[in-house]
Amino acid sequence: MEYKDYYKTLGVERNADQDSIKKAFRRMAAKYHPDRNAEKGAEARFKEINEANEVLSDPTKRARYDQLGAEWRAGQNFKPPPSWNNNSPQFDASFFEGIARRGVNNQQSASGFSDFFEGLFGGSFRRNSNGNANAAHAASAAATLDIGIEDIYRGLKTVRLPTGDSVQIRIPPDISEDKRIRIPGKGAHGADVFLKVKLTEHPLYRREGSHIYLDLPIAPWEAALGETVTVKTLAGKISLKIPPGSQSGRKMRLKGRGLAGQETGDLYIVLQVSTPPADTAEQKEYYAKMKTLFTWNPRQHIT
């Protein structure tokens, strides 16, 4: 069983932190995803990347994998360290040695993972009457599923499994990080796949219960005089009229445009007045003129 260097697969150092691993995985997965890369070998490369991330992004799996030692290199036969049986009771040394004697190759197994991965984290095995090692029903797999606010809004997400299958799963509106999503029969040897939910942050929208908040930058003249502006929401672009005299922090409520649930939430657009920079002499002169035109003190309520 050939050793697989998961750190090399993702292009990170062995002491890389979780953030570096996550960024490397996303970069590599985007490059070799079969839907984007039609080159020969891209799909196999994509599976290798997924396998490496499956281990290195999980602290427990990564710790078990690191027990093999930094001196291991691709091409060497896999033999577990002395303490391996204490952490992996489903396998014993004779099992691994038997695989090595039979010359098990490094092709992808039916589960979509390599034999090396299956040897570390795969399901249980039994022997038939001829003494050969055969795969029994695999234990339920567990993986992390990133869910963004767009997925929650749509209520659906397409997931590509390690087996290569793509399935569409339902995302409940009250989803949280303590929830797990079960996909029956899609794991190794027909086992269920359990996906551990990880909620991802969005650069524009934030969620509070069933409500969605969006900070909207507006220019001073839009705030002072009122203006109709285009706003991108999760449901698409809308036209929004800014009331004259608006101040930063003003909330504009769009009823029923939040997340679905027992009670449909609302979309709150929070106005944020943004001041343009004065880069030229003419622009600076204009600001100086404004200072003489207005006697308004923005701090008068706190002085």
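The structure is a predicted model, in which local features need pLDDT of at least 70, side-chain atom pairs count only at pLDDT 80 or more, and totals for chains, interfaces and linings use all residues. Residues are numbered from 1 along each chain as its sequence is written, and side-chain values use heavy atoms, with hydrogens and water left out.

**Salt bridges**
- The structure holds 12 salt bridges, each defined as a side-chain nitrogen of Lys or Arg within 4 Å of a carboxyl oxygen of Asp or Glu.
- Arg45 pairs with Glu48 in a salt bridge, with the closest N and O atoms 3.6 Å apart.
- Arg45 is partly exposed, at a relative accessible area of 22% (buried means under 20%, exposed over 50%, partly exposed in between, with a 1.4 Å probe and protein chains only).
- Glu48 is likewise partly exposed, at 29%.
- A salt bridge of 2.7 Å, N to O, links Lys61 and Glu54, and both residues are buried.
- Salt bridges that share partners join Asp151, Arg154 and Lys157 into one network.

**A buried charge**
- Glu51 is buried yet has no salt bridge; Lys4, the nearest side chain of opposite charge, is 4.7 Å away (Lys and Arg count as positive and Asp and Glu as negative; His and the chain ends are not counted).

**Nonpolar surface**
- Leu293, Phe294 and Trp296 make a nonpolar surface patch of about 410 Å² (patch residues have over 30% relative accessible area and no salt bridge, and nonpolar side chains, namely Val, Leu, Ile, Met, Phe, Trp and Tyr, are joined within 5 Å, like charges within 9 Å; areas come from the Shrake-Rupley method with a 1.4 Å probe, and for residues only the protein chains shown count as cover).
- Phe294 is exposed, with a relative accessible area of 52%.
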